[in-house]
Amino acid sequence: MSTRTRLAWSKADDVVLRGLLLMGIAATSLTGLFLLVWTTPLLPADTAGELTTITVHAPAATPPPPVDVPVTGEDVEVRATESLAVTFHDPTLPERLLLVLPTLVGVAATLLVLVVLLRMARTLAQGDPFVPANVRRMYVVAATVTVGSLAVPLVRVFTDAELQSRALDPDGLVLVAFGVGVGEVPFPLVFVGLALVALAEVFRRGTGLREDVEGLV
Amino acid sequence: MPPEEATGIRIHLDELLSDRGMTLTELAQRVGVTVVNLSVLKNGRARAIRFSTLAALCRELDCQPGDLIGYEED
């Protein structure tokens with residue numbers, strides 16, 4: 001006789017889910033707070049790690065640096081990428097803001113999603129997730145993920161261009177192609193956002209059905 | 001529960017129970033519906049009724065659906 005394994009949501013799962021979301025909110029809030037404080041001169045520039053470095057495309061005339069890497073495979077070529085890493089060791093206040101702005105946008109979007117998910121998790125724990133407020137929350141999550149995944153690389157293009165113009169001599173450089181490259185868009189995240197829009201619609205219809213059944217004797 | 005809609009539908013369960021000398025609890029047991037749900041129906045807060053519930057009520061109260069449900073224009 002075969003036994004069927006059933007996955008059932010328990011109270012322990014509720015506690016774990018809300019605990020994880022709360023930890024995520026705390027970690028994201030602390031990151032956001034650190035970034036905000038870092039935009040002021042209160043913290044030394046090197047505390048932000050890689051955030052002080054931007055990567056820009058090298059001008060077309062720049063020869064790629066030589067690469068000395070032993071190759072074992074046949075028909076394999078190794079060459080350096082044509083990009084420049086520009087590090088701001090002592091950024092001014094506006095430069096600090098420009099350096100952290102894309103990350104700050106991402107942190108704000110993540111925080112919003114986590115807070116909304118926590119509110120939804122609370123209704124699940126109370127045993128009644130199919131409420132109109134959760135439909136709105138689902139759409140907020142879907143819109144934030146979709147818009148956020150497009151907005152962060154877009155903001156980065158603008159901030160990187162501004163930082164580049166501040167750091168490099170425009171006469172010596174052909175300024176970077178100004179636009180969002182296809183490679184910079186996080187397509188998996190955009191896809192997740194669109195899938196969440198579909199899920200929000202499923203949720204809306206489920207809530208409608210629930211309303212129909214409510215009051216049925 | 002969502003706000004009540006003014007449908008004009010009236011449930012005459014009170015009168016039928018009174019005429020037959022039956023309590024709501026007794027009827028609920030006979031029909032197989034919870035007292036809470038039957039109370040919702042009796043107080044006009046129900047938004048819909050299953051055919052199976054309606055048939056069971058008619059059977060136990062020995063009445064027709066029209067005796068149980070009426071319509072009054074507001």
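Select Ala121(A), which sits in helix 2 of chain A. This is a predicted model.

Now show what Ala121(A) touches. Apart from neighbours within four places in sequence, Ala121(A) is in contact with Leu17(A), Arg18(A) and Leu21(A). Then pick Asn134(A), 13 residues away from Ala121(A) along the chain: the two C-alpha atoms are separated by 9.7 Å.

Next, select residues 11-38 of chain A, which form helix 1, together with residues 93-125 of chain A, which form helix 2. Two packed helices are described by the angle between their axes and the distance between the axes. Here the angle is about 160 degrees and the axes are 9 Å apart. Angles over 145 degrees count as roughly antiparallel, and helix 1 and helix 2 of chain A are therefore roughly antiparallel to each other. Their crossing is left-handed. Colour the residues of this contact by class: 18 are nonpolar, 7 polar and 3 charged.

Finally, bring chain B into view. How many residues of chain B are in contact with chain A? The contact involves 13 residues of chain B and 5 residues of chain A. On the chain B side, helix 3 (residues 35-42) supplies the largest share, 3 residues. Coloured by class, that side of chain B shows 8 nonpolar, 2 polar and 3 charged residues.

Note on methods: Residues numbered from 1 in each chain as written. Chains lettered and ligands numbered in written order. Predicted model: local features only at pLDDT ≥ 70, side-chain atom pairs only at ≥ 80, totals over all residues. Axes fitted to C-alpha atoms, helices over the stretch in contact; angles between N-to-C directions. Helix = DSSP H or I, 4+ residues; strand = E, 2+ residues; numbered from the N terminus. Parallel < 35°, antiparallel > 145°, perpendicular 65-115°, else oblique. Left-handed = near helix turned anticlockwise from the far one by under 90°. Nonpolar A, V, L, I, M, F, W, Y, C, P; charged D, E, K, R; others polar. Contact = placed C-beta atoms within 7 Å.
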